[in-house]
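Biologist: Before we begin, could you take me through this model slowly, and tell me each time what a word rests on?
Modeller: Gladly; let us look at it together.

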Amino acid sequence: MDKLPRRHRADLVRLIAAEAISNIGTRMTFFAVPWLVLVTTGDPVKVGLVAGAETLTYVVSGVLAAPLQDRVGARRTSLWSDVGSVAVMAAIAVAGAHGFGLLLALVAVLGVLRAQGDRAKATMVVPLMGAAGSDYARVAAVREGVLRTSTLAGSSLAGIAVVVFGPIGGIWIDAATYAVAVVLMVPVRAAVTAAADAKTAVPYFTALREGFTWFRRNRLMRAVTGMLFFTNLFNQASAVVFVPLWVYQTMDDPAALGAVATAYALGLIAGNVLVAWVAPIMPRYPMLVAGYLIGGVPRFIVLALTDDLLVIVVVTLVGGIFMSSLNPTVSAMIYQRTPKEMLSRMGGIITAVAFGGAPLGGLLAGYLVQFLGLNNAILVATGLYFAVTLTPVIGHRLWRELDDTAPPPPKPGDGKPLPALYGLAGAATGPRVSLRYADGRWTVRARHGLRRLVSERPLPPKTAAAALTQLEAEPVRSAVRAAIDHDRALTENRTRAVRAQAALLDRHLSELNRALERG
């Protein structure tokens, strides 16, 4: 009776492992292929074209090929996409350096295959969790952690692989990761995935029209997605052109690419932990604004201000910490403002619009570098990025609706336990009255947050004692008794010492008087 759920759980583990392995390959491709173009052509425009071709086909095919994936099935789509990725990466390794047009076509095909493979694996997660009887929140948390770690590993391994094996060797390693993903996916044959694939779907054009109609009527959704279009454009420009060119001109060491990417990934992971901790007490609108203003602009402008890799890595790490607040904020808004029956359609539309600027980012950056030089191109991009990220500040009346998507904060007295962070926040920001006893003196002071209400002043012992008698807290009473007993013992010791000194002085006076009488 337990064999079937155990098999589904094993399939779920294989699926998440395959996602992680293929994600490592995708991240390595993201660095290895542009570096191959850079060292073989030295043309920043071609670097941008290659990166843009893969991103464009990834985004567009993710929306347009969804009906075909429904007919073929998620498992078969995943297998054939990974097999095709192995073949395409092998073709890039063999022939990619001999013709830029061929390389461009192969990279575009790779973008289509990766989009279908990634979305097919994501589609299979939910039915497998149901079949295995697993807790959704627990599996989702584990999966997110695994994918974040694989992204970090892929970014780090990309620089190491290019250094040790060269660009072509790094691409062969990319192909091997997709082959491993195929091997992991072959045993995944859960019947529930077939049942999920066989469900009748809304006609493609009807569903797409309804999704776009709903998207057009939601002002906040349009504003958020529109800003993501431009910020992703500039993020892509930095990742595929500005940072590689900075490394190429400054130190010509591809390992530095991995260092910068690793710092950003570590910042995102650390920031996610921090965001999960402060989310109960932080409104979402300030988190988003701070994430963009602190985590975005400094990552760009520092490339134009320094040649020190350590400075770049530190700023990128801090930027990743602050940028980690964006995805949870935007995802919560999409989930809570979108009807459940339209989530899949809206996900495709929002992804297409939000990442629609990414293919243009590398191309725009390439032309800016060609006509303005690297430093001036970075400064121009920084100014444009900053202007875009001011949108939530200028349009704060609309963007503050992000706070409407936050769950209502718990309140004292509603019968529910408050998060531990609420107690810390209350102690740090609420009113505090401090009663202190030291060296036989009682003092009192009061603050409200950072504002001082009453500076330290002496308090009569009777008043302090009367206040403490109102506390039904035996540890406090015991501590006060211990302090008073300690001071009493010190006073008794001092009294005995004074009496001994007085007796000694009295003897000396008596001796002096007798001497005077004899004289």
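Modeller: Please bear in mind throughout that this is a predicted model. We can start with D82, which counts as buried because its relative accessibility is 0%, and buried means under 20%.

Biologist: What makes R114 buried or exposed?

Modeller: The reasoning runs the same way: R114 has a relative accessibility of 0%, the limit for buried is under 20%, and therefore R114 counts as buried.

Biologist: Why is the contact of D82 with R114 called a salt bridge?

Modeller: The closest N and O atoms of D82 and R114 are 3.0 Å apart, and the definition asks for a side-chain nitrogen of Lys or Arg within 4 Å of a carboxyl oxygen of Asp or Glu, so the pair D82 and R114 forms a salt bridge. The pair ties together parts that are 32 residues apart in sequence, because D82 lies in helix 4 (residues 74-95) and R114 lies in helix 5 (residues 100-132).

Biologist: How many salt bridges does a search of the whole structure find?

Modeller: The search finds one.

Biologist: Why is V164 called exposed?

Modeller: V164, which is found in helix 6 (residues 136-185), has a relative accessibility of 55%; exposed means over 50%, and so V164 counts as exposed. Together with L157, I160, V163 and F165, V164 makes a nonpolar surface patch of about 480 Å².

Biologist: How do you know that the length of helix 13 agrees with what a helix should span?

Modeller: Helix 13 (residues 309-323) has 15 residues, which at 1.5 Å a residue should span 21 Å, and its end C-alpha atoms are 20 Å apart, which agrees. The buried residues of helix 13 are I312, T316, G319, G320 and M323. They cover an arc of only 100 degrees around the axis, which puts them on the same side of helix 13.

Biologist: What makes D308 a cap of helix 13?

Modeller: A side-chain oxygen of D308 lies 2.9 Å from the backbone nitrogen of L310, and in this way D308 caps the N-terminal end of helix 13. The cut-off for a polar contact is within 3.5 Å.

Biologist: How do you know that the buried residues of helix 17 line one face?

Modeller: In helix 17, L374, A377, I378, A381, T382, Y385, V388 and T389 are buried. Seen down the axis of helix 17, these buried residues fall within an arc of 135 degrees, so they line one face of the helix. As a general point, an α-helix has 3.6 residues a turn, so residues three or four places apart point the same way.

Biologist: Finally, what does the side chain of S22 reach?

Modeller: The side chain of S22 reaches the backbone oxygen of E19 at 3.1 Å. S22 has its place in helix 1 (residues 3-41), and because its relative accessibility is 1%, S22 counts as buried.

Conventions: Residues numbered from 1 in each chain as written. Predicted model: local features only at pLDDT ≥ 70, side-chain atom pairs only at ≥ 80, totals over all residues. Heavy atoms only, no water. Patch = residues over 30% accessible without salt bridge, like charges linked within 9 Å, V, L, I, M, F, W, Y side chains within 5 Å. Areas by Shrake-Rupley, 256 points an atom, 1.4 Å probe, with all protein chains shown as cover. Helix = DSSP H or I, 4+ residues; strand = E, 2+ residues; numbered from the N terminus. Buried < 20%, exposed > 50% of the residue type's maximum accessible area, 1.4 Å probe, protein only. Expected span 1.5 Å × (residues − 1). Arc of directions from axis to C-beta. Polar contact = N/O pair within 3.5 Å; in protein donor to acceptor, adjacent residues only side chain to side chain.
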